[in-house]
Amino acid sequence: MFWRLLLSLVLCTLTARIGVVSGVAVMSVDLGSEWMKVAIVSPGVPMEIVLNTDSQRKTPIVISFRDGERLVGDSAQAVATRFPDKSFAYFLDLLAKHRNSSVVQLFHKRFPYHRIEDTLTGISLSTADGLLFTPEELISMMLSKAKVYAEDSSKQPINDCVITVPPYFTQAERRALLMAADLAKLKVLQIINTNAAFALNYGVFRRKDFNTTVTNILFYDMGASSTTATIASYQLVKTKERGFAESNPQVTIKGSVGYDRTLGGLEMQIRLRDHLAILFAEQSKKPLKEITSNHRAMAKLFKEAARLKKVLSANTEHKAQVENVMNDIDLKAMVTREEFETLCADLLTDRVTKPIDDAFASSGYTIAEIDSVIIVGGNTRVPKIQTVLQNYF
């Protein structure tokens, strides 16, 4: 719900600022590391959330290649479990990186079935069939698919767009994203930081809650790949427009954002996947190395780990079940929330609150000066993370 309102708000602001007329539609893309969400808006027409071909509001950022065909989104995700070495996911953070980058090394450790090569501007990833793609090309494929969804929904050509990015993106990463948009034949009107978009969205739909007294709100967001913390201040200020003075709400981002680029649900899912591999090795009496070197088996366990992580947020234990992990042997094993928390013990302590500490240090604010805390992001549903945050505040 947060993002559905956010995207329309950003687009309406921009279309008003640049004076878009004659019914030209503008597309917005919330480009995350795991999901993509699309919205369109045009003058005189209510905002519309774009559904993909599966009638879903969010599309997996996955691209697969099989039998000479390129698949994007949900169809690609289905192929990725069976043919992980022909599929790409979680590649947003690879923009403008070289092979010796810690981000690239971590990606290769998590998904070892992709060969990584240096290029003049960054890296390229290869499929099992030898196809080579740069992260910019892969992002352009996702943006092209977003363009198709938007054009099908609006029944008109889409050339302009707004894209959200993590606030820690460097100028090199932003230039790489612009290059990807250009490959997709899209003109980027604005690249907007997600934390600023959070704050803008919150202020517009709660403007009646603010007055001339400053209200400070901390936004904490833990997504699939990263965690950010931002302090925003709201108050009514007097401005002179159209010849007379009036009070309007104003939002200000205080200091730099606090962040952890590798703390998110993906790291927890990877650890749970590796734990399932150990359980399967014990059940099947097979060497662990034989299992971890089987890419299809690890892809199946990765998918089950995602489901299990969600279920353990609401249940203290649950049975992991995967048919034919390898050699027609199934996995059936009970996993408890306590085991999951033990696997992620180093993630669920100081690393959870470090972005908040950084946000306070950057802004000069203290906890006593914060009026409200807004927690967003699917991975904040993990009970241990909620407990850590509650104890912090």
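**Exercise 1. How many disulfides does a search of the whole structure find?**

Solution. Begin with the source: this is a predicted model in which residues are numbered from 1 along each chain as its sequence is written, local features need pLDDT of at least 70, side-chain atom pairs count only at pLDDT 80 or more, and totals for chains, interfaces and linings use all residues. Side-chain values use heavy atoms, with hydrogens and water left out.

Next, take the general idea that a disulfide is a covalent bond between the sulfur atoms of two cysteines. Here the criterion is a pair of cysteine sulfur atoms within 2.5 Å, and the search of the whole structure finds 0 disulfides.

Buried means under 20% relative accessible area, exposed means over 50%, and partly exposed lies in between, with a 1.4 Å probe and protein chains only.

**Exercise 2. Which residue forms a salt bridge with Asp129, and which residue forms one with Arg271?**

Solution. Start with the criterion, a side-chain nitrogen of Lys or Arg within 4 Å of a carboxyl oxygen of Asp or Glu; the structure holds 15 salt bridges.

The partner of Asp129 is Lys86, and the closest N and O atoms of this pair are 3.9 Å apart. The pair links distant parts of the chain, 43 residues apart: Asp129 is in the loop between strand S9 (123–126) and strand S10 (132–133), and Lys86 is in the loop between helix H2 (74–82) and strand S7 (87–89). Lys86 counts as buried because its relative accessible area is 17%.

The partner of Arg271 is Glu267, with the closest N and O atoms 2.9 Å apart. Both residues lie in helix H7 (residues 265–284), 4 residues apart, about one turn of the helix, and both are buried.

A further pair is Arg273 with Asp274, whose closest N and O atoms are 3.0 Å apart. Arg273 is buried at 9% relative accessibility, whereas Asp274 is partly exposed at 32%. Elsewhere, salt bridges that share partners join Asp93, Lys97, Glu173 and Arg261 into one network.

**Exercise 3. Where do Lys155 and Asp328 lie, and are they buried or exposed?**

Solution. Recall that most residues other than glycine have a negative phi. Lys155 has a positive phi, near 60 degrees, and is found in the loop between H4 and strand S11 (160–165). Lys155 counts as exposed because its relative accessibility is 71%.

Asp328 also has a positive phi near 60 degrees, and its place is the loop between strand S16 (317–326) and strand S17 (329–336). With a relative accessible area of 66%, Asp328 is exposed.

**Exercise 4. Which residues make a nonpolar surface patch of about 290 Å²?**

Solution. The patch is made by Ile367, Val373, Ile375 and Phe393. Its members must have over 30% relative accessible area and no salt bridge, and nonpolar side chains (Val, Leu, Ile, Met, Phe, Trp, Tyr) are joined within 5 Å; accessible areas come from the Shrake-Rupley method with a 1.4 Å probe. Ile367 lies in the loop between helix H11 (350–363) and strand S18 (372–376), and it counts as partly exposed because its relative accessibility is 36%.

Technical notes. Patch = residues over 30% accessible without salt bridge, like charges linked within 9 Å, V, L, I, M, F, W, Y side chains within 5 Å. Helix = DSSP H or I, 4+ residues; strand = E, 2+ residues; numbered from the N terminus.
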